[in-house]
Amino acid sequence: MSRFLHPKYAALEAYTPGEQPRDRRYVKLNTNESPYPPSPEVTAALSQTDVEELRLYSDPEGKALKEKLAWYYGCRAENVFLSNGSDEILNFAFMAFGAAGAVFPKPTYSFYPVFAQLHGVDYREIPLKADFSLDVERLCGTGRFTVLANPNAPTGLAVGLDSIRKILDSNPEQVVLVDEAYVDFGAESAAELIGQYPNLLVVMTYSKSRSMAGARLGFALGDPALIADLERLKYSTNPYNVNRLTLKLGAAAVDSALYFVENAKRIIATRERTAGALREMGFTFPASQANFLFLSRKNLPGEVLYQKLKARGVLVRHFSDPSLADYNRVSIGTDEEMGIFLRETRAILEEEGLL
């Protein structure tokens with residue numbers, strides 16, 4: 001770092017994205033992207049006029065997309081906030097709602113402590129139970145801004161709406177943010193609770209089930225007052241935060257909702273087939289409701305499996321946290337990609353004398 005960096009950022013432990021090596025062609029199962037392209041409607045949405053109009057600023061309100069998302073989720077446009085990826089919403093939320101401190105599970109999405117540190121938010125981490133399930137009771141009544149990934153990452157486990165309601169009811173003076181990046185792969189969405197709880201903020205993304213990670217588009221649903229808080233921060237930092245092309249592509253994706261819903265079903269089916277094959281090889285993992293599996297195997301260190309798969313052209317995600325060292329997170333790709341992963345994994349087990 002340079003000598004010019006503000007001292008308060010010197011000790012910041014930045015988020016580490018999944019690796020993106022370019023040295024060879026990999027089966028890429030490390031960043032939870034969709035294995036399928038966006039819908040045909042998204043692909044066909046842009047015209048030469050749209051490209052020419054890049055000389056113009058985008059609509060800072062994103063009105064057309066807000067209205068489509070409001071229609072899809074059964075709320076109003078004033079309940080919708082648009083962002084440059086869902087991480088931007090998380091960033092704004094820690095800024096806006098973290099004055100009394102924050103609380104979130106551990107392990108979970110590793111960006112949460114980064115945002116807390118970035119904004120000087122005192123945070124408390126609540127360990128998951130031994131089976132990786134959420135300790136709902138300890139998240140209740142904390143008097144803090146509460147952040148909950150549902151399904152959780154990297155475990156893939158989800159809780160039902162009864163648990164979400166319990167946390168909301170116990171913490172009425174603080175915002176409860178439910179991060180639903182993976183909700184379309186089998187979990188219940190808290191979006192239906194919008195209008196019942198003024199302290200609920202539901203965060204979603206186009207990066208997973210909607211196959212648009214490269215477009216950088218996220219959105220939040222919540223009480224109009226909470227949305228206005230986020231808008232205040234947006235207009236104070238980057239009012240044109242979503243570009244013209246992404247706004248149009250995002251609207252086309254809503255119009256073709258059946259496509260991404262069907263793709264999510266395909267991914268779920270592939271996940272379950274992969275899980276069955278891995279169990280036969282001796283792997284264990286939580287019952288994922290996301291587009292990944294969080295797996296481990298007795299007598300096979302997570303780092304060893306990760307490195308050997310990488311050498312064979314398959315990327316999975318390994319975490320440096322000692323408490324997660326036995327595990328790897330494996331994104332669900334196409335049936336063909338998962339077939340390669342399973343074949344190479346079996347070969348590694350045989351090489352290690354474990355089959």
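Visitor: How many of the residues of S10 are buried?
Guide: Six of its six residues are buried, so S10 is mostly covered. Bear in mind that this is a predicted model.

Visitor: Which residues sit on which side of S10?
Guide: Phe 292, Phe 294 and Ser 296 are on one side, with Leu 293, Leu 295 and Arg 297 on the other. Both faces are covered, and all of these residues are buried.

Visitor: What does S10 have for bridges to S9?
Guide: Two bridges join strand S9, residues 283-284, to S10, and the two run antiparallel. Phe 283 has Arg 297 as its bridge partner in S10.

Visitor: And how many bridges go to S13?
Guide: Four bridges join S10 to strand S13, residues 328-331, again in an antiparallel arrangement. Here Leu 293 has Val 330 of S13 as its bridge partner.

Visitor: Change of topic. What is the strand order in the open sheet?
Guide: The order is S2-S8-S7-S6-S5-S3-S4, which makes seven strands with mixed pairing. Strand S2 (80-83) and strand S4 (123-127) stand at the edges. Each has a single partner strand, so one side of each is left without a neighbour in the sheet.

Visitor: What's the average twist?
Guide: From one strand to the next, the twist averages 20 degrees.

Visitor: Which way do S2 and S8 run, parallel or antiparallel?
Guide: S2 and S8 run antiparallel, joined by four bridges. Phe 81 stands opposite Ala 220 in S8.

Visitor: How many bridges are there between S7 and S8?
Guide: Five bridges join strand S7, residues 200-205, to strand S8, residues 218-222, and these strands run antiparallel too. Val 203 stands opposite Ala 220 in S8, and Leu 201 has Gly 222 as its bridge partner there.

Visitor: Are the residues of S8 buried or exposed?
Guide: Five of the five residues of S8 are buried, and the strand is mostly covered. Gly 218, Ala 220 and Gly 222 point one way, while Phe 219 and Leu 221 point the other way.

Visitor: What is phi for Phe 132?
Guide: Phi of Phe 132 is positive, about 75 degrees, although the residue is not a glycine. Phe 132 is found in the loop between S4 and helix H6 (136-139). At 15% relative accessibility, Phe 132 counts as buried, because the cut-off for buried is under 20%.

Visitor: And what is phi for Ser 211?
Guide: Phi of Ser 211 is near 60 degrees, a positive value in a residue other than glycine. Ser 211 is in the loop between S7 and S8, and it is buried, with a relative accessible area of 12%.

Visitor: Now the outside. Which residues form the nonpolar patch with about 330 Å² of accessible area?
Guide: Met 1, Leu 5 and Tyr 9 form that patch on the surface, and the area is their total together. Met 1 is in the segment before strand S1 (27-28) and counts as exposed at 77% relative accessibility.

Visitor: Last one, the whole protein. How many helices and strands?
Guide: The protein has twelve helices and 13 strands. Its radius of gyration is 21 Å, close to the 20 Å that the globule rule gives for 355 residues, so the protein is as compact as a globular protein of that length. The C-alpha trace spans about 60 × 50 × 50 Å along its principal axes. Buried residues make up 53% of the 355 residues.

Notes: Residues numbered from 1 in each chain as written. Predicted model: local features only at pLDDT ≥ 70, side-chain atom pairs only at ≥ 80, totals over all residues. Heavy atoms only, no water. Patch = residues over 30% accessible without salt bridge, like charges linked within 9 Å, V, L, I, M, F, W, Y side chains within 5 Å. Areas by Shrake-Rupley, 256 points an atom, 1.4 Å probe, with all protein chains shown as cover. Salt bridge = Lys/Arg side-chain N within 4 Å of Asp/Glu carboxyl O. Buried < 20%, exposed > 50% of the residue type's maximum accessible area, 1.4 Å probe, protein only. Pairing = 2+ DSSP bridges. Axes fitted to C-alpha atoms, helices over the stretch in contact; angles between N-to-C directions. Rg over C-alpha atoms; globule rule 2.2 N^0.38 Å.
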